[in-house]
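Hello,

Here is the structure you asked about. Please open it and keep it beside you as you read.

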Amino acid sequence: MRIVLPFIRWRVPVVLLRGPARASGREVVLLSAGRRSAFIMDHFFAQEPTVVRRTRVPVWRLQRLLNEWRSAADLVDVEIDRVSARLFLDTRYLAVPQWIISWMKVPEDMQAFGRTHRNARADIRRIRIKNFECQWSREAKDFDLFYERFFRPYVTARHGGMTQVSPRWMMRLLFKQGMIQWVVHNGERLAGGLVTVKGTLFSKRVNGVLDGRMDLMREGVLSALYVHAMLEAHRLGCTELRMGGSLPSLHDGVFRYKSKWATGLRSHDGFISANCVTLLDWNRLEGPVAEFLSQTSLIHHDQDGYSALWVFPHDEPLTAETLQQHYIRLKTAGLRRFLILLPGAVPEGFVCPPEVRLIGLAEVGEVGTGGIHCLGNPSHCA
C-alpha cells in the first residue's frame, strides 16, 4: 500500500491528436498519454498535429481510459515511469527505451581493429591523413566554452525541432566527474566531447562541434573524437567504451554511425531515460502503423536484452537482393532478434541470418503488440 499511495492523486494527461502522416501525408490519429514523446511525434506526423480531445485521469484509471479511446487511434503512445507502468498498465505494450547506448570492447590494436571493421577503417585512415590531434582538459573555464560554442549548437543542428538540450547544471556535474576531449587542427579546437572514466569503463557522455558546423562533421571531426577516445581508453587500461545515447531506431543517423564500432547495446543511464519508458500499441499493424515502422524501425526491450522491429517498404520491389541490401544497412550488433515484416512472401534465394525472423504482414494485420511478441519467438524463415 505504501507503494501505491503516492500515485492516488497523480493525474496523467491524455490527448487524441490528428495530423498528416510523415510517411504518406494521409490523415492519422495518435493517442498520447503522459509526457509527449518528441521521437514518436516527429516520426509519426509530418507537421504539428491538432488536438481532437484531451483530459487528465488518475494513473490508476489510465488503462481503462486508453481502452475506451484506442479505437479512434491508429497508434497509442504512453510515456510513463516504469513503476506506474508495472503497477497500472497491461503487459501487451511494445516497450521502447527512450534512449539506447552503443558500447564496444576497447581495441588492443587499432590497425587490427580496422582490418576487421571495414566501415571504421575509412574513418581511422581519414583522421590520420587530416592530422586531427587530441587534447584533454579539466579546466573549469573550458566547460562554458564547450557548452555554449560546441554542445548546444551541435545538438540543435543534429536534432532540430526535437532538440532537448540538457541544462548547464547537469552537464557541469558530469564535467566535474570527468574531462573534456578536444579535437584540434592547426591549433584550433573544432570538436569536443565530455567523457568520464570509472574503473575500466570509459564513457563518452555528449559530443559537440564548433558552432554546430555541418562542414566540420563532413570533414570527420566526430570520427576523430571516437578514434582518439579509443586510444585514450586503451592507454588508461579501460576495457569497455560506451558511446553515448542514440534514439531507439535502426534508422537513426547517430545510431547508424555508432553501429560501425559497436559490440552491443546497453540501457541509457540518464535520470529520465533510466526511469521512464515509451509504451506503444495499435489495433491494426497494416496501414499507417506499417508505414511508420517502415521508416522508423524500433529497438525495443526483449527480456533482458533488445530486439528490433521493421516493416519492409510497400513501395519497393520485394526481392532477395533488395531485402539483403536493407538488412546489411540496418543490422547491428547486440540484438536478440530482428523481426522483419514483409508485404508478400519471403523472396526466393534470400538466406536468412540467424537473428532475423521474417513474417508476412497478412499474418499480423489484425494483431496488436502482444501478438508481435509471440510471433517474434519461433523462426519464420523459409
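Below is what I found in it, part by part. Keep in mind that this is a predicted model.

The cores come first. The largest nonpolar core holds 48 residues. Five of its members touch the most other members: Phe146, Met171, Leu194, Leu241 and Trp261. Helix H9, residues 221-235, gives the largest share of this core, with 9 residues.

Now look at Trp261. Leaving out residues up to four places away in sequence, Trp261 touches Met104, Phe113, Ala120, Asp123, Ile124, Tyr226, Val227, Met230 and Met243.

Next, strand E10. This strand spans residues 201-209 and is mostly covered, with 7 of its 9 residues buried. Which way does E10 pair with strand E9, parallel or antiparallel? The two pair in the antiparallel sense, over 8 bridges. Strand E9 covers residues 188-198. Leu194 has turned up already, as a core member. Its bridge partner in E10 is Val206. The hairpin of E9 and E10 has 2 residues between the strands. In this hairpin, Gly199 takes a positive phi near 65°.

E10 also pairs with strand E11, residues 240-246. Here the sense is parallel, and there are 3 bridges. Leu201 stands opposite Glu240 in E11. As you look at the strands, remember one general point: in a regular strand, side chains alternate between the two faces of the sheet.

Last, helix H12, residues 288-295. How many of its 8 residues are buried? The count is 7, so the cut-off for buried matters: under 20% relative accessible area. The buried ones are Pro288, Val289, Ala290, Glu291, Phe292, Leu293 and Ser294.

What covers the buried residues of H12? The cover includes these elements:
- strands E2 (27-34) and E4 (75-81)
- strands E14 (298-302) and E15 (305-311)
- helices H1 (38-44) and H14 (361-364)

Take Val289 as one case in H12. Why does Val289 count as buried? Its relative accessible area is 1%, and the cut-off is under 20%, so Val289 is buried. Leaving out residues up to four places away in sequence, Val289 touches Asp74, Leu75, Trp282 and Arg284. Val289 and Val311 are 22 residues apart in sequence. In space they are 9.4 Å apart, C-alpha to C-alpha.

Best wishes

Terms used:
Residues are numbered from 1 along each chain as its sequence is written. This is a predicted model: local features need pLDDT of at least 70, side-chain atom pairs count only at pLDDT 80 or more; totals for chains, interfaces and linings use all residues. Side-chain values use heavy atoms; hydrogens and water are left out. A nonpolar core is a set of buried Ala, Val, Leu, Ile, Met, Phe, Trp, Tyr and Cys residues joined through side-chain atoms within 4.5 Å. Buried means under 20% relative accessible area, exposed over 50%, partly exposed in between (1.4 Å probe, protein chains only). Helices (H or I, at least four residues) and strands (E, at least two) are DSSP runs, numbered from the N terminus. Contact means heavy atoms within 4.5 Å. Two strands pair if DSSP finds at least two bridges between them.
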